[in-house]
Amino acid sequence: MKILFGLVSHLDDTLPLRTYKLAQSPRDRILWILSNSGGKMKRSDLRRRMAIKYADLDPILEELTREGRTRIDANMIGLK
């Protein structure tokens, strides 16, 4: 049992935390990051938090925008 950010976690102590991060899809991570940052953030900040290249981030953002989950205004990404 681990305590992460003040929460009790029942994650397996033998696996590194990064392993659990990979279980979440990039789409879900983007939505989670946006929801925990006031619903909007700069594209560059989102790319930095996701730790991926713009070439990988942009298609995901376009897909989320087509689905009506996010909106893109200049360099700001926000939840709808």
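The legends below accompany several close-up views of a predicted model.

View 1. Let us start with an overview. Reading from the N terminus, the elements follow the order β-β-α-α-β-α-α-β-β. Of the 80 residues in the chain, 21% are buried. Among contacts between residues at least 6 apart in sequence, 39% join residues at least 24 apart.

**View 2. Helix 2 against helix 3, an oblique pair.** Helix 2 covers residues 26–35 and helix 3 covers residues 43–50. Their axes come within 11 Å and cross at roughly 125°. On the side of helix 2, the contact is made by Pro26, Arg29, Ile30 and Ile33; helix 3 brings Leu46, Arg49 and Met50 to meet them. By class, the residues of this contact are five nonpolar, no polar and two charged.

**View 3. A closer look at arginine 29 in helix 2.** Is arginine 29 buried or exposed? Its relative accessibility is 15%, and residues under 20% count as buried, so arginine 29 is buried. Arginine 29 also belongs to the contact of helix 2 with helix 3, where Met50 takes part as well. Arginine 29 and methionine 50 lie 21 residues apart along the chain, and 7.6 Å separates their C-alpha atoms.

**View 4. Helix 2 against helix 4, a roughly perpendicular pair.** Here the partner of helix 2 is helix 4, residues 54–66. The two helices pack at an angle of about 75°, and their axes are 10 Å apart. The range from 65 to 115 degrees counts as roughly perpendicular, which is why helix 2 and helix 4 are described in that way. Which residues meet in this contact? Helix 2 supplies Pro26, Arg27, Ile30 and Leu31, while helix 4 supplies Leu57, Ile60, Leu61, Glu63 and Leu64. Sorted by class, the contact has seven nonpolar, no polar and two charged residues. Pro26 and Ile30 of helix 2 are named in the contact with helix 4 and also in the contact with helix 3.

**View 5. An open sheet of three strands in the order 3-5-4.** The pairing in this sheet is antiparallel. Strand 3 (40–42) and strand 4 (70–73) are the edge strands, and each of them pairs on one side only. On average, and with direction ignored, neighbouring strands of the sheet are turned by 20° against each other. Helix 2 packs on this sheet and touches strand 3, strand 4 and strand 5. The direction of helix 2 makes about 90° with that of strand 5. Helix 3 packs on the sheet too, touching strand 3 and strand 5. The direction of helix 3 makes about 90° with that of strand 3.

**View 6. The hairpin of strand 4 and strand 5.** As a reminder for this view, strands of a sheet pair through backbone hydrogen bonds, either parallel or antiparallel. Strand 5 spans residues 76–79, and strand 4 pairs with strand 5 in the antiparallel sense over four bridges. Where are the partners in strand 5? Arginine 71 has glycine 78 as its bridge partner, and threonine 70 stands opposite leucine 79. Two residues lie between strand 4 and strand 5 in the hairpin.

**View 7. Two alanines with positive phi, alanine 51 and alanine 74.** Alanine 51 sits in the loop between helix 3 and helix 4. Its phi is near 60°, a positive value in a residue other than glycine. With a relative accessible area of 67%, alanine 51 is exposed. Alanine 74 sits in the loop between strand 4 and strand 5, which is the turn of the hairpin. Phi of alanine 74 is near 55°, again positive in a residue other than glycine. What is the relative accessibility of alanine 74? The value is 76%, and over 50% counts as exposed, so alanine 74 is exposed.

Methods. Residues numbered from 1 in each chain as written. Predicted model: local features only at pLDDT ≥ 70, side-chain atom pairs only at ≥ 80, totals over all residues. Heavy atoms only, no water. Axes fitted to C-alpha atoms, helices over the stretch in contact; angles between N-to-C directions. Parallel < 35°, antiparallel > 145°, perpendicular 65-115°, else oblique. Contact = heavy atoms within 4.5 Å. Nonpolar A, V, L, I, M, F, W, Y, C, P; charged D, E, K, R; others polar. Pairing = 2+ DSSP bridges. Buried < 20%, exposed > 50% of the residue type's maximum accessible area, 1.4 Å probe, protein only.
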